[in-house]
Amino acid sequence: MDFSKGPMTIGDGFQGQKWTILGEPYVPLHMTPSSLLMHAEFGPDSFVPTHLHETQDETLYILEGEMEFELEGKTIKAAAGTTVTLPMGIPHALHNRSGKTARALVFVSPTGKMYDYMARIDGLSDPAEVVRLGAEHEIRFV
């Protein structure tokens, strides 16, 4: 990563990349073998279906708006300023039922195959293909 122009900021993206994942914008901000940091926007009524990361913990810090998380049979409501940790191997889902856009920092550790997965599903509109590629990248939809 080239830091010669100063620190990365939201909107700069990692090497100028911006992804569209099932209609929602994601910007990779930082990546090492041990962690991946992304900025994500979740439009009203958007969701990420129930899935689990076989080899990674996922943590979201809500920057703006409200999100709901389903984890171990419980619904967790998170407003701006809240951090939610989704441990590896435990199925979880994300929902924006607030009627407004929510923004979050998404931290995955270790990076594993997550960066490659996000790059592969960029622009795809077929949920079945997103699920199929997830299985190849240690993400299982349930």
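Which residues are linked with E41 in a network of salt bridges? The network consists of E41, E64 and R103, where a salt bridge is a side-chain nitrogen of Lys or Arg within 4 Å of a carboxyl oxygen of Asp or Glu. The model is predicted, with local features requiring pLDDT of at least 70 and side-chain atom pairs counted only at pLDDT 80 or more, while totals for chains, interfaces and linings use all residues. Residues are numbered from 1 along each chain as its sequence is written, and side-chain values use heavy atoms, with hydrogens and water left out.

Seven salt bridges were found in a search of the whole structure. In one of them, the side chains of R97 and E68 meet at 2.6 Å, N to O. R97 is in the loop between β9 (92-95) and β10 (102-109), and E68 is in strand β6 (residues 66-71), so the pair ties together parts 29 residues apart in sequence. Helices (H or I, at least four residues) and strands (E, at least two) are DSSP runs, numbered from the N terminus. R97 is partly exposed at 46% relative accessibility, whereas E68 is buried at 16%. Here, buried means under 20% relative accessible area, exposed over 50%, and partly exposed in between, with a 1.4 Å probe and protein chains only.

R132 takes part in two further contacts of this kind, with E129 and with E136. The closest N and O atoms are 2.8 Å apart for R132 and E129, and 2.6 Å apart for R132 and E136. In helix α2, R132 and E129 are three residues apart, a separation of about one helical turn. R132 and E136 are four residues apart in helix α2, again about one helical turn. R132 is partly exposed at 41% relative accessibility, as are E129 at 25% and E136 at 39%.

Two aromatic pairs were counted. Rings of Phe, Tyr and Trp (its six-membered ring) pair if their centres lie within 6.5 Å; planes under 30 degrees apart count as stacked, over 60 as edge-to-face and the rest as tilted. The ring centres of Y26 and F42 are 6.1 Å apart and the planes lie at 85°, so this pair is edge-to-face. Y26 in strand β2 and F42 in strand β3 are 16 residues apart, and the pair links distant parts of the chain. Y26 is buried at 9% relative accessibility, and F42 is buried at 3%.

The largest pocket holds about 450 Å³ of space. A pocket is an open set of points on a 1 Å grid over the protein atoms alone, where a 1.4 Å probe fits, with protein on both sides within 12 Å along at least five of seven lines; lining residues have an atom within 4 Å of a point. Grid points are joined across faces, edges and corners, and the volume is the space filled by probe spheres set on the points. The lining has 25 residues, of which I21, L22, Y26, V48 and P49 are the closest to the pocket centre. Elements that each supply at least two lining residues include β2 (24-32), β3 (35-42), α1 (114-121) and α2 (127-136). β4 gives the most, with five residues. The lining divides into 20 nonpolar, three polar and two charged residues; Ala, Val, Leu, Ile, Met, Phe, Trp, Tyr, Cys and Pro count as nonpolar, Asp, Glu, Lys and Arg as charged, and the others, Gly among them, as polar.
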